Amino acid sequence: MFSLPASLLALAAVSHASPILVRDTNDTNPFVFTNYNGLNFTQMNTTLSNVTIFATGGTIAGSSGSALATTGYTAGAVGILTLIDAVPEILNVSNVAGVQVSNVGSEDVTSTLLLSMSKQINTFVCEDLTMAGAVVTHGTDVLEETAFFLDATVNCGKPVVVVGAMRPSTAISADGPYNLLEAVTVAASPLSRDRGSMVVMNDRIVSSYYVTKTNANTMDTFKAPEMGNLGEMISDTPYFFYPPVKPTGKRAYSIMNITSIPRVDILFAYEDMSNDTLYNAVASGAKGIVIAGAGAGGVSTSFNYAMEDVINNHGIPIVQSTRAMSGEVPISDVSSDTALHIASGYLNPMKSRILLGLLLAHNKNMTEIADAFLGSTDD
Ligand code: SIN
């Protein structure tokens, strides 16, 4: 006999009892509904979609003694319930549950944390028919890496919206509250399905596959310089410029059975770069290396010989990306007859590192890795 999943039965019961369960202000319990995964909701209005917010920390949860400080504050100081409570308008667009994954500055986000969060999103959001999407609150400094990882590893069609803030919650005109509202709105919207992971900040919706932090300080920092935005937020309503589209070369990876991501180092190319930097990375245990090359992946002649030695004699894949803000590293610019060079295409060094780590975690060999990156190049 056909039977409804537990979450639907629970919601049906709630719906029958009352279409809206809101917090009783005399009650100290902030939650009115717990779903079958143990996620607690601060409101259950059955006419709205459900969204889970996974909080990791960063400036959006940052605090400072000065209302003027946009630097020198403590990132990751405020918990998820405080963030939700600060934006009551969220409850007009969605029922939200919060999961405190961590509360750290984003530089302290690790691949272990990424694996665990992606598994939680796959389980709590993808597998739950009552859940519309996920929001991830995150520090902005390495936000694009987490966003790219989630784009590659959560592939159920539901939106995963990554959001941060450039001003701490205690600053005048803090951007976090509105960014969070917009992120929840995008995650709750049926228009957002089948678009992969997206970054929503400063009224822009950008693909996580391409987005990068372009400015260390200002609020309009997240951009995809060549590829542009997917859409815009106007009066908290998403406007998508195009129907759902998959970035060229994007592949999906399941991490449900992956327990660790092998170490991948990024080496930044510069004039007079020493070959030692490469051999030090190998000696320190890197299983893959990404070069932030000059221009279209360029390194010195001597460094190129060292790379070919590492590829051929140590069996370590090296991906050549670019230290330039945008543009492509085509395979024709880095290939040779003497070693299997890998070009990053349009993936910047940080995104190349995440992809290479995922491929190594799936035990892909050098040829399969080269093949996966070929999808992002034009030759
Ligand atoms: C961080 O990345 O955690 C600090 C900076 C920020 O969130 O903007």
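S235 is exposed, with a relative accessible area of 64%; exposed means over 50%, buried under 20% and partly exposed in between, with a 1.4 Å probe and protein chains only. The model is predicted, so local features need pLDDT of at least 70 and side-chain atom pairs count only at pLDDT 80 or more, while totals for chains, interfaces and linings use all residues. Residues are numbered from 1 along each chain as its sequence is written, and side-chain values use heavy atoms, with hydrogens and water left out.

S235 is not a glycine, yet its phi is positive. D272, also not a glycine, has a positive phi as well, and D272 is exposed. The table sets out both residues.

| Residue | Phi | Loop | Relative accessible area |
|---|---|---|---|
| S235 | about 45° | between β13 (231-234) and β14 (237-240) | 64% |
| D272 | about 65° | between β15 and α7 (276-283) | 79% |

The protein chain holds 10 helices and 18 strands. Its radius of gyration is 22 Å, close to the 21 Å from the globule rule for 379 residues, so the chain is as compact as a globular protein of that length. That radius is taken over C-alpha atoms, and the rule is 2.2 Å times the number of residues to the power 0.38. Helices (H or I, at least four residues) and strands (E, at least two) are DSSP runs, numbered from the N terminus. The C-alpha trace spans about 70 × 60 × 40 Å along its principal axes.

Of the 379 residues in the chain, 51% are buried. Among contacts with a separation of 6 or more, 73% join residues 24 or more positions apart, where contact means heavy atoms within 4.5 Å. The accessible surface of the chain is about 16,300 Å², and carbon and sulfur atoms contribute 52% of it; such areas come from the Shrake-Rupley method with a 1.4 Å probe, and for residues only the protein chains shown count as cover.

Helix α9 (residues 349-361) has 13 residues, which at 1.5 Å a residue should span 18 Å; its end C-alpha atoms are 18 Å apart, which agrees. The expected span is 1.5 Å times one less than the number of residues. α9 is mostly covered, with 11 of its 13 residues buried. The buried residues include P349, K351, I354 and A361. The buried part of α9 packs against several elements, among them α4 (111-126), α5 (143-153), β16 (288-293) and α10 (366-374).
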